[in-house]
Amino acid sequence: VVYGRRFPAPVVSLAWSPEEFGIALACACADGKVYVVDGSTKQNWNVTHFDAHTNAGCTGVSWAPYLPPNALATMPLVQGPGQGQAPAPIPRLVTCGQESTVRIWKYSRADQTWLHEHDLQDSPSSSQREVAWAPNVGMPFSYVAAGSDERYVTIWLQDGLDGVWRAVALPPFEDAVVRLSWSLVGTFLIVSCENNTASIWKEDVQGGWTQVSKIDSRVPTSHPPQHLSQGGQHMVPP
């Protein structure tokens with residue numbers, strides 16, 4: 001055991017940070033708090049926490065990608081003489097709970113605390129069960145998805161770092177949504193439901209989302225599901 005800790009409430013969801021931020025684990029608890037255990041210093045483990053969904057319980061947590069939107073287009077290819085070191089990206093988290101609102105948090109290195117940054121609203125669900133922030137390899141957009149026991153998935157899109165978050169609700173699913181996973185570059189979303197079905201979704205040119213594949217483990221098949229990668233390592237295409 002490298003590190004052990006007893007929390008005051010049951011841990012509902014765990015998420016490791018992007019490796020560029022070091023060794024950090026976010027723990028969402030049933031009492032609405034999120035604990036971030038940071039072992040980057042290697043001498044001792046630092047623990048910070050904040051009240052994410054105090055009156056509703058925290059059911060999900062996910063890290064923002066290390067690179068901000070459009071980073072590849074704005075980042076200098078060569079560091080010029082006299083140019084200072086570019087500031088390190090700010091760690092961010094997104095959380096959900098037994099309420100409709102999904103919340104974004106950012107870490108203040110100066111105060112060593114997590115600050116509330118934004119609320120994501122306009123979801124058809126009265127509560128959320130799962131949340132996932134899409135990876136980003138330099139695209140100009142950020143995507144956050146949340147799913148609920150009420151069979152809904154809402155996807156929020158932000159253009160750049162200062163754009164308005166826009167919500168798009170997918171059609172109701174057959175059963176409660178239990179898991180959301182993005183592809184490695186954040187262009188496909190896989191939605192897993194309680195009835196052992198999963199579907200893959202992709203944004204179309206009009207800004208809507210289209211189902212491109214469905215996996216139903218209730219139906220025996222002799223062929224591997226469409227888009228299943230070789231060796232069964234990744235169910236989501238890149």
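Colleague: What does the accessible surface of the protein come to?
Modeller: About 13000 Å², with 52% of that belonging to carbon and sulfur atoms (Shrake-Rupley method, 1.4 Å probe; for residues, only the protein chains shown count as cover). This is a predicted model, where local features need pLDDT of at least 70, side-chain atom pairs count only at pLDDT 80 or more, and totals for chains, interfaces and linings use all residues. Residues are numbered from 1 along each chain as its sequence is written, and side-chain values use heavy atoms, leaving out hydrogens and water.

Colleague: Why is His53 called buried?
Modeller: Buried means under 20% relative accessible area, exposed over 50%, and partly exposed in between. His53 has 0%, so this residue counts as buried. Across the protein, buried residues make up 42% of the 238 residues.

Colleague: And what makes Trp16 exposed?
Modeller: Its relative accessible area is 58%, over the 50% cut-off, so Trp16 is exposed. Trp16 sits in strand 1, residues 11-16 (strands are DSSP runs of E, at least two residues, numbered from the N terminus).

Colleague: Back to His53: what joins its side chain to that of Glu99?
Modeller: A polar contact of 2.6 Å. The term asks for N or O atoms within 3.5 Å, one able to donate a hydrogen and the other to accept it; neighbours in sequence count only if both atoms are side-chain atoms. His53 lies in the loop between strand 4 (46-51) and strand 5 (58-63). Leaving aside residues up to four places away in sequence, His53 touches others including Asp31, Cys58, Thr95 and Arg103 (heavy atoms within 4.5 Å).

Technical notes. Helices (H or I, at least four residues) and strands (E, at least two) are DSSP runs, numbered from the N terminus. Buried means under 20% relative accessible area, exposed over 50%, partly exposed in between (1.4 Å probe, protein chains only).
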